[in-house]
Amino acid sequence: MAGLTLAKGNNLSLTKTSPGLTIATVGLGWDPRTTSGEQFDLDASALLLGASGKVRSSADFIFYNQPATPDESVKHMGDNRTGEGDGDDEQINIDLRSVAADVQRIIIAVSIDQADERRQNFGQVRAAYCRVVDQDGQEIVRFDLSEDAAPETAMVFAEVYRNGAEWKFKAVGQGYTTGLAGIANDFGVQLD
């Protein structure tokens with residue numbers, strides 16, 4: 001059974017839609033369009049934000065080089081360097097029971113590695129999506145990025161956030177021309 005497909009800006013209660021959900025797997029996928037031959041390498045990341053709207057520390061920035069939070073409530077499941085094949089290209093697991101109480105939002109972002117050097121952007125990517133599946137692999141919700149994002153080299157796809165006792169999913173689709181550094185800067189991550 002396919003989940004609900006959201007439009008940009010819409011949200012869905014994961015708690016109400018999928019009672020009993022404990023592990024939310026955020027699956028991200030994309031296909032490169034025909035290019036100059038340079039390989040596309042898109043990288044998923046997650047940023048855990050406190051009430052300030054910023055990360056609490058650098059440990060709250062999860063990506064292929066820092067694949068899990070210290071409490072392992074959020075885990076990056078591995079780097080796909082080509083985007084080839086069907087299904088999710090990268091996944092991030094969120095154990096909703098274990099996320100620290102002072103984490104309000106988990107931002108799900110995707111950036112293009114070496115975008116400036118390779119002259120690549122999201123306008124050259126097609127069929128990009130973000131979805132949440134439950135422990136049994138059933139899709140709960142999906143957001144397809146359909147708009148043209150020609151100059152953007154990074155994108156906040158979605159966020160998983162607390163609303164009282166509920167966990168919700170919001171389709172964001174906010175592009176950045178400043179790459180992952182722009183996203184990191186907006187959310188308080190200090191990059192070396």
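1. Alanine 127 lies in strand β9, where helices (H or I, at least four residues) and strands (E, at least two) are DSSP runs numbered from the N terminus. Phi of alanine 127 is near 55 degrees, a positive value in a residue other than glycine. With a relative accessible area of 47%, alanine 127 is partly exposed; buried means under 20% relative accessible area, exposed over 50%, and partly exposed in between, with a 1.4 Å probe and protein chains only. Most residues other than glycine have a negative phi, and most peptide bonds are trans.

2. On the basis of the model: this is a predicted model, in which local features need pLDDT of at least 70 and side-chain atom pairs count only at pLDDT 80 or more, while totals for chains, interfaces and linings use all residues. Residues are numbered from 1 along each chain as its sequence is written, and side-chain values use heavy atoms, with hydrogens and water left out.

3. A second residue that deserves a look for its backbone is arginine 119, which has a positive phi of about 55 degrees although it is not a glycine. Arginine 119 lies in the loop between α2 (115–118) and β9, and at 73% relative accessibility it counts as exposed.

4. The pairing of β1 with strand β10 (residues 139–145) is in the parallel sense over 3 bridges, and leucine 6 has phenylalanine 143 as its bridge partner in β10.

5. Another open sheet has 6 strands in the order β2-β12-β11-β8-β4-β5, and here the pairing is antiparallel. Its edges are β2 (11–13) and β5 (61–62), each with a single partner strand, so one side of each is left without a neighbour in the sheet. Helix α3 (residues 179–186) packs on this sheet, touching β4 (42–49), β5, β8, β11 and β12 (166–176), and its direction makes about 30 degrees with that of β11; contact means heavy atoms within 4.5 Å. The buried residues of α3 are Gly179, Gly182, Ile183 and Ala184, and they pack against β4, β8, β11 and β12. Glycine 188, whose phi is positive, near 85 degrees, follows α3.

6. Strand β11 can be traced through its partners. Strand β8 (residues 105–112) is joined by 7 bridges to strand β11 (residues 154–163), and the two run antiparallel; arginine 105 stands opposite tyrosine 161, and isoleucine 106 has valine 160 as its bridge partner. Toward β12 the pairing is antiparallel over 9 bridges, with phenylalanine 169 as the bridge partner of valine 160. The hairpin of β11 and β12 has 2 residues between the strands, and glycine 164 in the turn has a positive phi of about 65 degrees. Of the 10 residues of β11, 8 are buried.

7. Valine 156, in strand β11, counts as buried at 2% relative accessibility. Among the residues that valine 156 touches, not counting those up to four places away in sequence, are Ile107, Val172, Tyr176 and Ile183.

8. The largest nonpolar core has 41 residues, and those with the most contacts inside it are Leu28, Ile94, Ile106, Phe157, Val160 and Phe169; such a core is a set of buried Ala, Val, Leu, Ile, Met, Phe, Trp, Tyr and Cys residues joined through side-chain atoms within 4.5 Å. A second, separate core of 14 residues includes Val55, Tyr176, Ile183 and Val189.

9. The largest pocket holds about 220 Å³ of space. A pocket is an open set of points on a 1 Å grid over the protein atoms alone, where a 1.4 Å probe fits, with protein on both sides within 12 Å along at least five of seven lines, and lining residues have an atom within 4 Å of a point. Grid points are joined across faces, edges and corners, and the volume is the space filled by probe spheres set on the points. Of the 14 lining residues, the closest to the centre are Asp43, Tyr64, Ser111, Asp113 and Leu180, and α3 gives the most to the lining, with 3 residues.

Conventions:
Pairing = 2+ DSSP bridges. Axes fitted to C-alpha atoms, helices over the stretch in contact; angles between N-to-C directions.
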